[in-house]
Amino acid sequence: MTGCRLRTGLTRRVAGGLAAARRGVIAVEAALVMPVLMLMLLGMADLGWLALADYKVTRIAATLADLTARSESVTRSDLDDVFSAAGVIAEPFSVGDEASLLLSLVANEDGKGARVIWQEADGSQASRIGRAGGGATLGGDIAVARGERLVVAEAMVTIQPLVGLILRGPQALYARSYQRPRFGQIDFRAEP
């Protein structure tokens, strides 16, 4: 019986030593893995921030085009109201000084190609489709048939990275949206 007690005591001591050794290994493994996991987490936060910003810029362009296409005629104060909606849509991002929002009406009145009829901007960047009075470069498969009109909204916003681990410096985002006028024609009229 004495031999059994010795083995049991020895077994307990060995098992206790192994358990302590395992705790030490876990601590070392955690110390090695945690920095890598933290870097991955911060990198994912940067990419998530960029994805959210890209979604917001796309929503801004779509909303600007949609709100403008609902009118038969617009004034500068109407467009100021539409542009102010962009700030609400963009939250938590800012559409401040570094952002440009543009609304253009494109038409093919004579069948000779799309032209920019009028264009209003909130910001300093130039439109990527063309200038008022000139030809319109819509890109892709977008075509304006003879006698047809198209509202084009452009949103150009620069965002700052959330962490700056993966994204270095400001990121310029651009989105464009197209809407056909609901009432056929949209005219820009001067304020009364």
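Let's start at Y178: leaving out residues up to four places away in sequence, Y178 touches L138, I142, L150, V151 and V152, where a contact means heavy atoms within 4.5 Å. Keep in mind that this is a predicted model, in which local features need pLDDT of at least 70 and side-chain atom pairs count only at pLDDT 80 or more, while totals for chains, interfaces and linings use all residues. Residues are numbered from 1 along each chain as its sequence is written, and side-chain values use heavy atoms, with hydrogens and water left out.

Y178 sits in strand β5; strands here are DSSP runs of E with at least two residues, helices are runs of H or I with at least four, and both are numbered from the N terminus. With a relative accessibility of 24%, Y178 counts as partly exposed, a class that lies between buried (under 20% relative accessible area) and exposed (over 50%), using a 1.4 Å probe and protein chains only. Its C-alpha is 8.9 Å from that of I142, which is 36 residues away along the chain. The side chain of Y178 also reaches the backbone oxygen of L138 at 2.7 Å, and it makes a polar contact with the side chain of R176 at 3.1 Å. A polar contact is a pair of N or O atoms within 3.5 Å; within protein, one must be able to donate a hydrogen and the other to accept it, and residues adjacent in sequence count only if both atoms are side-chain atoms.

Now step back to the whole chain. The protein has 2 helices and 6 strands, running α-β-α-β-β-β-β-β along the sequence. Of its 192 residues, 31% are buried. Among contacts between residues at least 6 apart in sequence, 67% join residues at least 24 apart.

At 3% relative accessibility, V57 counts as buried, and beyond its neighbours within four places it is in contact with A155, V157, L173, Y174 and A175.

On to the interior. In general, nonpolar side chains of soluble globular proteins tend to be buried together. Here the largest nonpolar core has 27 residues, and I60, L64, L101, L103, W118 and V151 have the most contacts inside it; such a core is a set of buried Ala, Val, Leu, Ile, Met, Phe, Trp, Tyr and Cys residues joined through side-chain atoms within 4.5 Å. At least two residues come from each of α1, α2, β2, β4 and β5, with α1 giving the largest share, 7 residues. Another core, of 9 residues, lies apart from it and includes I129, L138, L150 and V152.

L79, V82, F83, A86 and A90 are buried, and seen down the axis the buried residues fall within an arc of 95 degrees, so they line one face of the helix; the arc is that of the directions from the helix axis to the C-beta atoms. D81 and V88 are exposed on the face turned away from the buried side. In the loop between α2 and β2 you'll find P92, joined to E91 by a cis peptide bond with omega of about 15 degrees.
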